[in-house]
Amino acid sequence: LTYSILENLSISPQSDLSKTQQIIAINRQYVNKNDIIGITAESIENNINTEVRLAYKTPKRGSFKKTDIDMAKLLIADFNEKINLPNFIIRAITTTFIEGTFIAYRRKVDKNGSTDYVIDFYPLGTALISDYEVGGDPYVMVDISALKSALQKSYPKNRKRKGLFFENMDEEVKVTYPEEVYRAYMDKETYAKLDIESTCVLRIGNQNKKYGLSPIFRAIYPALMLESFEDADRSNAKARAKKIIVQTMNKEILGPEYSRNTYAEQAYAHKNFLDAWKQKTVVVNYYRSRVMSTLGISFLVDSGSQSLSVANISLRQLMKRINRISKQLESTLVKWYKGLLRDNGLNPELAPSVKIIDAEMMESSMKMELVNTLFTKLNCSYETAFDVLGFSVEDEKLKREAENKEKLDEIFAPRITAYTASGKENSNPTSEPPNQDEGKSQYDKDRYQNTKQ
C-alpha cells in the first residue's frame, strides 16, 4: 500500500463501487493489524448500547381496539426475539463504521404453514445501490452474475450422495434468497430489484452519493506514516546492534576548577547519551494523535498539567458517529414493523416509534439533577421530563392507566414498618400492651426518695 494508491482511491469513492470495495478491504486489513484502529473497532462492538425503547402512541377514541394494540406488541416482541435484535444492532453499527455501507434484507420464510422472518446480509458487489430512491431509502439490486460467482462451489454430500445442506445452486438460491432474486436467477436476468420495504441500507460519509466511506480510511494516511517510522526504527535497531559505542568526555564536565565528583558526572553523561541513542522518532506521537483524532478520539489534558500522562480520553465525536448510524437503523426498524403488522392484517399505524439508547449517555446524576430543575423549578411538562430520561410519556400514560384500572396501588401498599408508621401507632397489634402497673411506679419513686435521705 502506497500514498499514490490512497490518493487515487480518495477521488470520489462514494460513486465508484470498485474503489469502495478496495477501501473496505484496506480498512479490514488495518482493523486487524493496527493497534489504534483495531481497538477502536473492538471498543465499538463491545460497548454499543443495544437497549431499544418502543413507544406506542395513545389511540384516539374509536380508532383502534385495545386487542389490536396488544396483538401488535406481541408480534413485534416475537419478531425482535427471532431476529436477535441486540446482535443485529451490534453487527449493523459495527459493519457500517468499518465499511461505510451496510445492506440487509428482511426475508419472509414459510415455516409449518406460518410466516416467519430472517435477516439476510449482503456484501457490496453482490448487492448494488441504484440511482433511485423513495423517501430517502435507495433501491437495492442484486447482481445475479456476482451471486453465481459467490455461490460457485462444490456442495458436500453424504455417503448416499445426498446434499448435506443443498443439492445444487438452484436449491440454495431458492431457500436462502428472496423470491424476487430467485425469479431473476431462474429467468437469467442481469439484476434483481429487492423490495424497498424490506431492505436496510445504512451509510456514513456518503456525501449524498451511493456508497458510504468509513472514517477509518482517513486514518490510513497517518497509520501508513507510522509504519514507515517503525520500519526506520527497525533498521536503525539492527544497525545499532552491530556497533561498539565508545564515549569520550572532556575534563571540563568536572567544572571550572575540576572539583566535581568524577564518577557522578560520568554516570550522568552516559545516561543522557543512552537515552538519546534509544530515543524513537520524535514525530511518532504526532501521527498517533492524528490517527486517534480522525477516528473521533481525543485527549482532554488537565489545564494545570503539561503531561499527556494525566489526560482523559474523550470519545464524544466517536459516539456521535455511532448515534448517527443508530438513527438510520431506527427508521429501518419502524419500516419493518409496519410491514410486519401489514402482513398480519393490522393497521401499520400501530407501529411504535423506535429509540436506540444513545451511546453518548449523560451521567445518571446529571440527568436526575436536570429533570429536577426542569420539573420542580421551571414547571416543564411530563413529556419533557420523561424525554430527558429516555422514556415516552405516551407509553408511560398507557401503563399508568392500566395500573390504576387494576388497582396496583392497593396491591402493592407498603407494609407497616418503622419507616412507614409513626411512633404513636401500634405497629404490631398482636403484641402485649405496655406495662401499666402504677403500684410498681410508686414503689420506685418512694425507694428513690428514701435513698436520698
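Colleague: Quick one to start: which residue in E6 is the bridge partner of aspartate 143?
Modeller: The bridge partner of aspartate 143 in E6 is tyrosine 191. Please keep in mind that this is a predicted model, in which local features need pLDDT of at least 70 and side-chain atom pairs count only at pLDDT 80 or more, while totals for chains, interfaces and linings use all residues. Residues are numbered from 1 along each chain as its sequence is written, and side-chain values use heavy atoms, with hydrogens and water left out.

Colleague: How many bridges join E5 to E6?
Modeller: Strand E5 (residues 137-143) and E6 run antiparallel and are joined by 3 bridges; two strands count as a pair if DSSP finds at least two bridges between them.

Colleague: What is the strand order in that sheet?
Modeller: The order is E4-E5-E6, in an open sheet of 3 strands with antiparallel pairing. Strand E4 (127-134) and strand E6 (191-193) are at the edges with a single partner strand each, so one side of each has no neighbour in the sheet. From one strand to the next, the twist averages 35°, where axes are lines fitted to C-alpha atoms (for helices, over the stretch in contact) and angles run from 0 to 180 degrees between N-to-C directions.

Colleague: Which helix lies across E5 and E6?
Modeller: That is H6, which runs at about 55° to E5.

Colleague: At what angle do H6 and H8 pack?
Modeller: Helix H6 (residues 144-151) and helix H8 (residues 179-186) pack at about 90°, and their axes are 10 Å apart. H6 and H8 are therefore roughly perpendicular to each other, a label for angles of 65 to 115 degrees, whereas under 35 counts as roughly parallel, over 145 as roughly antiparallel and the rest as oblique. Ile144, Leu147 and Lys148 of H6 make the contact with Val181, Ala184 and Tyr185 of H8, contact meaning heavy atoms within 4.5 Å.

Colleague: Which residues of H8 are buried?
Modeller: Glu180, Val181, Ala184 and Tyr185 are buried in H8, where buried means under 20% relative accessible area, exposed means over 50%, and partly exposed lies in between (1.4 Å probe, protein chains only). Looking down the axis of H8, these buried residues fall within an arc of 135°, so they line one face of the helix; the arc is that of the directions from the helix axis to the C-beta atoms. The buried residues of H8 pack against E2, E5, H6, helix H7 (169-176) and E6.

Colleague: Changing topic, how far does H4 reach from its first C-alpha to its last?
Modeller: Helix H4 (residues 66-82) has 17 residues and reaches 25 Å, close to the 24 Å expected at 1.5 Å a residue; the expected span is 1.5 Å times one less than the number of residues. Its buried residues are Ile69, Ala72, Leu75, Ile76, Phe79 and Asn80. Down the axis of H4 they fall within an arc of 130°, so they line one face of the helix. The face of H4 turned away from that buried side carries the exposed residues Lys66, Thr67, Leu74 and Glu81.

Colleague: What about E2, which strands does it sit between in the order of its sheet?
Modeller: The order is E3-E2-E7, an open sheet of 3 strands with antiparallel pairing, and the edge strands, strand E3 (114-121) and strand E7 (199-203), each pair on one side only. E2 is joined to E3 by 8 bridges, and arginine 107 has valine 118 in E3 as its bridge partner. On the other pairing, strand E2 (residues 101-111) and E7 have 5 bridges, with valine 201 in E7 as the bridge partner of isoleucine 103.

Colleague: How many residues are there between E2 and E3 in their hairpin?
Modeller: There are 2 residues between them, and asparagine 112 in the turn has a positive phi of about 55°. Helix H5 (residues 85-99) lies across E2, E3 and E7, and runs at about 150° to E2.

Colleague: Last one: is glutamine 328 buried or exposed?
Modeller: Glutamine 328 is buried, with a relative accessible area of 16%, and its place is in helix H12 (residues 316-343). Leaving aside neighbours within four places in sequence, glutamine 328 is in contact with Val201, Leu202 and Arg203.

Methods. Helices (H or I, at least four residues) and strands (E, at least two) are DSSP runs, numbered from the N terminus.
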